[in-house]
Amino acid sequence: MASTGVLPFVRGIDLTRNDFSRYFPDHVQDMTGLRWLRISHANLKQVPAEIGALNKLEDLVMVHNEVESLGENLPNLPALHSINCRYNNLTDAGVPKKIFTGNDLSIVDLSHNKLTEVPPELENSKSVLVLNLSFNQIEMIPNQLFINLTDLVFVDLSNNNLETLPPQMRRLTSLQTLILDNNPLIHAQLRQLPVLTALQTLRMKNTQRTLNNFPTGLDTLTNLQDVDLSHNNLPRVPEALYKLDSLKRLNLSNNEITELSLMIDIWTKMETLNLSRNKLKAIPSSLHKLASLKKLYLNCNQLDFEGIPPNIGKLHNLEVFSAAKNNLEMIPEGLGRCGKLKKLILNENRLITLPDILHLLPDLETLDVRENPDLVMPPKPQEAKTASQYYNIDFSLNTQLRLAGAQPLPSSGQTPSPKSDPVARKMRQLRRRRDGQESEKVLKGMRDVAKDKAEGRSTKDEEEREPLKPKRWDENLHRPHLDYSEIFDEDVGQIPGLACWEIENFLPNQVEEGLFGKFYEADCYIILKTYIDDSNSLAWKIWYWIGNEATLDKKACSAIHAVNLRNLLGADCRTVRQEQNDEDEDFIALFEHGVSYIAGGRTSSGFYSVEDMEPEIRLYRATGTQSVHMERCPVEVDMLDSRHVFLLDVGPKLFLWNGKKSNLVTRTKSRLIAEKINKNERKGTAEIIQFGQGKESAEFWKQIGGPPENLEVTTSKYSDIPYADPRLYRVGLGKGYLELPQVHIPKNRLVSSLLDTKCVYILDCVTDVFVWIGKKSTRLVRAAALKLAQELHDMILRPEFVTIYRCLEGTEPQIFKTKFCGWDDVLPVDYTRSAESIARRGADMKVIMEKDKMQTDLSALFMPRQPAMTEEEAETLSSEWNEDLDGMESFVLEGKKFVRLPDEEL
């Protein structure tokens, strides 16, 4: 068992994209509670023997490996119910018979392998619901297969060598999806299909269907929604399809269909219709009855302007209209009335012009009219061009008379009475009525005073006899508008009993019940007592306890959050201060065993603490231009390569070594990264020393291990090693279990939006392991993540210099940010790009930043003032700069020289 002791509680882990070709971690067998395991893209040659010890394993995924045999360990897993071994090298002998004897096996996916026959014992696995044997070399399905597997819901037999299907398939009354693509079923009548009444998806692409061998009675499948009959030999649409009013997706592309019937109006639920690569000359006018149609594909047909019905504009849900490679000279103007149209594909036609109304389509994103040599794009509608000139025009009579050249009307000196406003009139009436009520109250008061005087009573004496009551201590207090959910839980103070919090990093953390009354002398605590008062309602008492050795931030925050707790509960009590060795009896009576003190502190202060620690020497290799990538390297002189930039971090000093063949943009951005490390992490105390290859100082050589033997750095054998793809794990915590699934990284490019403030993540870059902790994550998840990170560090083969970093949200180190695209970019605006390169390759960086999302940080550009250079240093720097400028376009403006980098340097 591992040292952290958390492996038995791990319920699932995703080890995808790790290289296990030479070594598989032994720690996996310690995960005795593992329920699901994913080992894809891991270069596995065989099923690891450690999996055989996972008696609770239910779901096993080993996709994209090189496994030839499932071995003898998988049949011994009693709880296994799902096995996915796609994209491997499995053969018939590599699938053990005993694996199908389990009663719980429900998902079997052996697609994309080298099977020539169906595993013979598969027929005994009666609980299978999903069966995928596609992309193999199977030539026959045994008759006994579907006798026992009557509960099948999904069957994929595509891309095999099947010529027939067993008649016992009619027993699959629960089957919902059947995929038979790319099988030579020319002699198969498929008479079993009409019996499959639950079928929803039927795909028979390239199965040599004709009108003679098309399954009869297909119209009885009332639940059928998705049909694929592409790449067949159908001269027309089979009559059975015209009777299926439940169809939503129909693919009839790559056939020989010459016409459609008017009966297509029954497809009222159709959403996607693909009729590309046929011989259609016209679309029936009943097309407008397909009210739900969203995508219509008519590519590679023989359509002309007359072939598209003018009432196509009634398809108000149409989003995609594709009619490339036809004979269209124009398109109906009604197509412009499809208000939701997003894509219009009309390339390789004979278009002359397009309707003007296309300019008014609000959602149109793609208009492809390439290879239409005679096309003249319509001008923008005149009303859209001149709409702005009719804005804010004076239409008064005198102004119009003056514009017409007539004499304006003389002014009578009286302003015309405005048109009556009924709302204003009602408001005036209401105001008068309210004023009348106020005057009535005044008169009533005066009458009462006169009556009292007539009866000899004096209200003044009564007022003098009544003593003035002082205001309560809490009447002048105002509850501030704070989000208390970020400080305390929602259910705090709702259950009678005792609760306690300790102050850590300016915030309260709840303490376990077993530690109540055991106070650390360097900490501060908040104690809440919830009870039911005499009126049967909840009441509270609040104390805050201060230790003798507590820091100032803990003392202040305990008092502040005690008040916040009172405001959150709406309590009427005071917050009572208690100090160490001076507690009152009521406070001590709260705890069953009294109050005890423990030396030292349990929590950390929110203030910075200065510790004299020996700095860890770290070496990073910087590559890339648009996004500079910093990869940790061993601190060895052999790592230096003239093609790269290296950052040597020794704590108080940051050395930047620029290779002779390194890119100028990489050098500049690496310098800015070093400036940010100095500013944000070293508080400006570090010294940045940058030099080119051949200008190294003796101190640099001493830190990195001495100069190379040949005194000339060229290329390094380590530089050709490819970067490891980053893997982002999200730590999941439940009642008694842990999970470590991977987060999908789009295009293998990390972005900061993948991180959720309520979660904790582990970023594994092989040479660096980061634990990112969100602000709103729970304390238990944080502790579990640190232990899991240690386990993950030990599982994978790594260099000895790898370190685990703990990153808090909002205080991430700069090296961590460089792993993400566009996070705190050191150069948000790239002034070195030319207009031509931007037009050709697109803008790489946004100049306009959204508020509160991204801010341009130019602080790193303002470098600290350096001492004056000597003449020798100035001459050396000038020569290096001139070497970098060779072949670059430059110009002089106001006495200053500007350089534009070539595109290949960016």
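Lys294, Lys295, Lys340, Lys342 and Lys343 gather in a patch of positive charge on the surface. The model is predicted, so local features need pLDDT of at least 70 and side-chain atom pairs count only at pLDDT 80 or more, while totals for chains, interfaces and linings use all residues. Residues are numbered from 1 along each chain as its sequence is written, and side-chain values use heavy atoms, with hydrogens and water left out.

**Exercise 1.** Find where Lys340 sits, and decide whether Lys340 is buried, partly exposed or exposed.

*Solution.* 
- Step 1: recall how a patch is built: residues with over 30% relative accessible area and no salt bridge, like charges being joined within 9 Å.
- Step 2: apply the classes: buried is under 20% relative accessible area, exposed is over 50%, and partly exposed is in between (1.4 Å probe, protein chains only).
- Step 3: Lys340 has 41% relative accessibility, so Lys340 counts as partly exposed.

**Exercise 2.** Work out which parts of the chain Glu66 and Lys45 link.

*Solution.* 
- Step 1: the two side chains form a salt bridge at 2.3 Å, N to O; the term asks for a side-chain nitrogen of Lys or Arg within 4 Å of a carboxyl oxygen of Asp or Glu.
- Step 2: Glu66 is in the loop between strand S3 (59-61) and strand S4 (82-84), and Lys45 in the loop between strand S2 (36-38) and S3, 21 residues apart.
- Step 3: Glu66 is partly exposed because its relative accessibility is 32%.

**Exercise 3.** Classify both partners of the salt bridge between Asp181 and Arg203.

*Solution.* 
- Step 1: the bridge spans 3.1 Å, N to O.
- Step 2: Asp181 lies in the loop between strand S8 (177-179) and strand S9 (201-203), and Arg203 in strand S9, 22 residues apart.
- Step 3: Asp181 is buried at 4% relative accessibility, whereas Arg203 is partly exposed at 31%.

Terms used. Patches are made of residues with over 30% relative accessible area and no salt bridge: like charges are joined within 9 Å, nonpolar side chains (Val, Leu, Ile, Met, Phe, Trp, Tyr) within 5 Å. Accessible areas come from the Shrake-Rupley method with a 1.4 Å probe; for residues, only the protein chains shown count as cover. Lys and Arg count as positive and Asp and Glu as negative; His and the chain ends are not counted. The place of a charge is taken as NZ of Lys, CZ of Arg, CG of Asp or CD of Glu. Helices (H or I, at least four residues) and strands (E, at least two) are DSSP runs, numbered from the N terminus.
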